[in-house]
Amino acid sequence: MSTCTFCGSEIEKGTGKMFVYANGKIAYFCSRGCEKNLHKLKRKPLKTPWTAEYRKEHKKGVKKAE
Ligand SMILES: [Zn+2]
């Protein structure tokens, strides 16, 4: 089981996307939205309210809006 590099959600087998960078680092994305946020919009998980990292940092029990 891997978790989404951006939002921190668990990714079920057979879903999501693995991205390998030129430097050998690997990123996992649960959805195209997460990939887009990280690569195209250059957002940081720490500054994006719906990610696990943000919640950890801000210690809020905000539920994921879907
Ligand atoms: Zn995600």
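**Close-up views of a predicted model**

Leaving aside neighbours within four places in sequence, Glu35 is in contact with Lys17, Phe19, Phe29 and Lys40. The legends below describe a predicted model.

View 1. Glu35 sits in helix H1, which spans residues 32-40. Is Glu35 buried or exposed? Its relative accessible area is 15%, so Glu35 is buried, the cut-off for buried being under 20%.

View 2. Glu35 belongs to helix H1 and Lys17 to strand S3, so the pair ties together parts that are 18 residues apart in sequence. How many salt bridges does the count give? The count comes to one. Glu35, at 15% relative accessibility, counts as buried. Lys17, at 41%, counts as partly exposed.

**View 3. Met18 in strand S3.** Strand S3 covers residues 17-20, and Met18 is in it. Met18 has a relative accessibility of 48%, so it counts as partly exposed; exposed would need over 50%. Which residues does Met18 touch, not counting those up to four places away in sequence? They are Ile26, Ala27 and Tyr28. For Met18 and Tyr28, the C-alpha atoms are separated by 4.5 Å. Along the chain, Met18 and Tyr28 are 10 residues apart.

View 4. Which residues coordinate the zinc ion? They are Cys4, Cys7, Cys30 and Cys34, each through its SG atom. The distances are 2.2 to 2.3 Å. Angles among the four donor atoms run from 104 to 115°. The site is tetrahedral. For four tetrahedral donors, the ideal angle at a metal is 109.5 degrees.

**View 5. The zinc donors along the chain.** The spacing of the donor residues in sequence is C-x2-C-x22-C-x3-C. Cys4 and Cys7 are among these donors. Are Cys4 and Cys7 buried or exposed? Both are buried. Cys30 and Cys34 are also among the residues that coordinate the zinc ion.

Note on methods:
Residues numbered from 1 in each chain as written. Predicted model: local features only at pLDDT ≥ 70, side-chain atom pairs only at ≥ 80, totals over all residues. Heavy atoms only, no water. Donors = N, O, S within 2.8 Å, 3.2 Å for Na, K, Ca; no water. Tetrahedral: all angles 85-135°; square planar, octahedral: opposite > 155°, others 65-115°. Buried < 20%, exposed > 50% of the residue type's maximum accessible area, 1.4 Å probe, protein only. Helix = DSSP H or I, 4+ residues; strand = E, 2+ residues; numbered from the N terminus. Contact = heavy atoms within 4.5 Å. Salt bridge = Lys/Arg side-chain N within 4 Å of Asp/Glu carboxyl O.
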